[in-house]
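Hi,

Here is the structure I promised to hand over. Please open it alongside this email and follow along.

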Amino acid sequence: MSDEELPERPVTPESGGVPESAGAPERADTPGHSGAPEPDDAPARPGKSLPPEVPAAPAPGPGPAKQPASGETGRQRLLAGLWPPRLSRAQLIVALLLFVLGLGLAIQVRSTSDSGALRGARQEDLVRILTELDNRTQRLQDEKRRLETQRSELETSSNQAEEARKQTEQKAQQLGVLAGTVAAQGPGINLTIADPKGGLEADKLLDTLQELRAAGAEAIQINDVRVVADTYFTQGADGIEIDGHKVVQPYRFKVIGNPQDLEPALNIPGGVVQTLKKEQATADVVRSEKIVVDALRPSKQPDYARSSSQ
């Protein structure tokens, strides 16, 4: 059978898309057909894309870390991150609360340290201090009841004029004792302060007087000088002067008041007795059922003050 008599075979996908009658080989430069590989330096042909170049990773190896491109050190970056501060509202509130808490703790510590003199005191001394405070409170309450009784007597008395006169005389006697124009007697203590070294100054005697007044002293005499409301102490060239009168040691205090209140007030921790010991002076306290205060002050008429009832 000749070539012309052979029937044409259809082109099918199974046959690879190439008819058997095609005897010539397909050209390698046919577009879309895979052929021989092209060299890497061959120019790109139209319709063919080259794969993107991937940079080669640096080989790992020991060596110092490179500094940032900006040239900043770690300390500079840390400072730049901390300042200026970037605070939120919640952080500001927390900071304010911490400040208030710290301030409260500081005040508490300071108030605790202020009372350090009593923290080291013995139990007997603390009981004595509490007893003295109770006695002062009791004296104030007694004075309040006495004044209330006088007011009720004036309001309910049938002869109010006579009752007023009697109370006025009693008041005049009391004021005379306080003003130092009349003598006084009663229970109290004798306080003798000796200063062998001669280093005691006037302010120590003034502190002693103030402590006695706070403990409820009603009449006080130092040596031959009657102590009143306007008494003053001065440190002169020749020694201590009270109201312009020179006094020499030993300094003798005659004090009228409740002995159970006066003596503990002088012996409390950090009180008069301990202070005088630090000044190398001695203080001797003796209770007595009868103290006589007989030094008098002249009665003076005020120049400008007048009674408001006149």
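Predicted model: local features only at pLDDT ≥ 70, side-chain atom pairs only at ≥ 80, totals over all residues.

**The cores**

Start with the largest nonpolar core. It holds 29 residues. Leu212, Ile220 and Phe253 have the most contacts inside it. Eight named stretches each supply at least two of its residues: the strands β1 (184-194), β2 (219-222), β3 (225-227), β5 (239-242) and β7 (251-256), plus the helices α6 (202-214), α7 (259-267) and α8 (272-278). Which helix gives the most to this core? That is α6, with four residues.

Now click on Leu212. Skip its neighbours within four places in sequence. Leu212 is then in contact with Ile189, Ala217, Ile220, Phe253, Val255, Leu262 and Leu266.

Another core lies apart from the largest one. This other core has five residues, among them Ala184, Ala219, Ile256 and Ile291.

**The pocket**

Next, look at the largest pocket. Its volume is about 1200 Å³. The lining is made of 35 residues. Nearest the centre of the pocket lie Gln174, Val177, Leu178, Ala217 and Glu218.

Which elements give two or more residues to the lining? They are α4 (123-156), α5 (160-179), β1 and β2. The largest share comes from α5, with eight residues.

Best wishes

Notes:
Residues numbered from 1 in each chain as written. Heavy atoms only, no water. Core = buried A, V, L, I, M, F, W, Y, C linked by side-chain atoms within 4.5 Å. Buried < 20%, exposed > 50% of the residue type's maximum accessible area, 1.4 Å probe, protein only. Contact = heavy atoms within 4.5 Å. 1 Å grid on protein atoms, 1.4 Å probe; cavity = no way out; pocket = protein on both sides within 12 Å on 5 of 7 lines; lining within 4 Å. Points joined across faces, edges and corners; volume = space filled by probe spheres on them.
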